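Subject: Structure for you to look at

Hello,

Here is the structure I said I would pass on. Please open it first, then read my notes below.

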Amino acid sequence: MSLQQAPQSRVFVELVPWADRGRENNVVSGSELLPGLRRPLSSAQTQTATREVHVSGTAELSASPDRAQVAVLVSSTKETAAEAKKSVCRRLDYITQSLQQQGLQAENVTVTKDFRRVENAYHMEAEVCITFTEFGKMQNICNFLIEKLDSSVVISQPQFYHTPSSVENLRRKACLVAVENARRKAQEVCNVVGQTLGKPLLIKEEETKEWEGQIDDLQSSRLSGSLTIQQKIKSATIHAASKVFITFEVKGKEKKRKNL
């Protein structure tokens, strides 16, 4: 009866000293087979060689948008220029005063005006672009303006987005969590084999990925205007993933001294 060949084992931790320190620039990944034969080490090499454990760590985090922008459009067409300007400016003043009363800072409100001749009349438009950091306040203000000004104004759907600092903070957190996961894994490995985890010798971020959230309801995603506020926030949520590779020094278990 022929013997069945045993499958090759995969090693992800190496606790024996390296014979050739030149391999430090060519790290063996966790999924590769380690060579079975090694050159014998001299006593000096044995004392100075560093034992190492190689681990990888991953993390995936997400962040909801931290800004929303809404545009309020006011327009009027009159036979005279004065009437068109008066009609728009009266509502425009009401909108800006309402925003100030709600505690919005001036740097978060931008007003642009456009005045032109249309056939035998005059047409004036004013757009108030508002940036919100509190989405609950945004909904309250929009509902208030619709109630008070009715059809005389047009309020756009909110556009949610991330500031650059928010995205960078998400990337940094994903990397740090991946490093912590790798360190915890290395600590558990050392505990299993009766060793002590030492200092990190190499930390390398091997892969990063980013993507925006997707709406589960495909029918709703085709009609962006029908999405709810929560669906819009979910669609604008950013996900970030990080994968790191770390080499730690491995030390032997410290023996407790007996009290004399």
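A residue is called buried when its relative accessible area is under 20%, exposed when it is over 50%, and partly exposed in between. Y122 has 24% relative accessibility, so it counts as partly exposed. F115, at 34%, is partly exposed too. Please keep in mind that this is a predicted model.

First, the overall picture. The protein has six helices and nine strands. Of its 260 residues, 32% are buried. It exposes about 17500 Å², and carbon and sulfur atoms supply 49% of that area. Among contacts between residues at least 6 apart in sequence, 79% join residues at least 24 apart.

Next, the aromatic rings. The count comes to three aromatic pairs. In one of them, the rings of F115 and Y122 have centres 5.9 Å apart and planes at 10°, so this pair is stacked. F135 and F160 also form a pair, but an edge-to-face one, with 5.0 Å from centre to centre and 80° between the planes. This second pair links distant parts of the chain: F135 belongs to helix α3 and F160 to strand β7, 25 residues apart. Both F135 and F160 are buried.

Then there is helix α6, which covers residues 229–236 and has K232, I233 and A236 buried. Why do they lie on the same side of α6? They cover an arc of only 100° around the axis, and this puts them on one and the same side of the helix. The buried residues of α6 pack against α3 (135–149), β7 (159–161) and β9 (238–252).

Strand β9 also contains E249. This residue is buried yet has no salt bridge. The nearest side chain of opposite charge is K199, 4.6 Å away, and a salt bridge needs a side-chain nitrogen of Lys or Arg within 4 Å of a carboxyl oxygen of Asp or Glu. Leaving out residues up to four places away in sequence, E249 touches T50, R51, T196, L197, G198, K199 and L201.

Last, V88, which is found in helix α2 (residues 81–101). Is V88 buried or exposed? Its relative accessible area is 0%, so V88 is buried. Not counting residues up to four places away in sequence, V88 touches V74, S75, S76, M124 and A126. V88 and S152 are 64 residues apart in sequence, while their C-alpha atoms are 9.6 Å apart in space.

Regards

How values were computed. Residues numbered from 1 in each chain as written. Predicted model: local features only at pLDDT ≥ 70, side-chain atom pairs only at ≥ 80, totals over all residues. Heavy atoms only, no water. Buried < 20%, exposed > 50% of the residue type's maximum accessible area, 1.4 Å probe, protein only. Helix = DSSP H or I, 4+ residues; strand = E, 2+ residues; numbered from the N terminus. Arc of directions from axis to C-beta. Contact = heavy atoms within 4.5 Å. Lys, Arg positive; Asp, Glu negative; His and termini not counted. Areas by Shrake-Rupley, 256 points an atom, 1.4 Å probe, with all protein chains shown as cover. Phe/Tyr/Trp six-rings, centres within 6.5 Å; stacked < 30°, edge-to-face > 60°.
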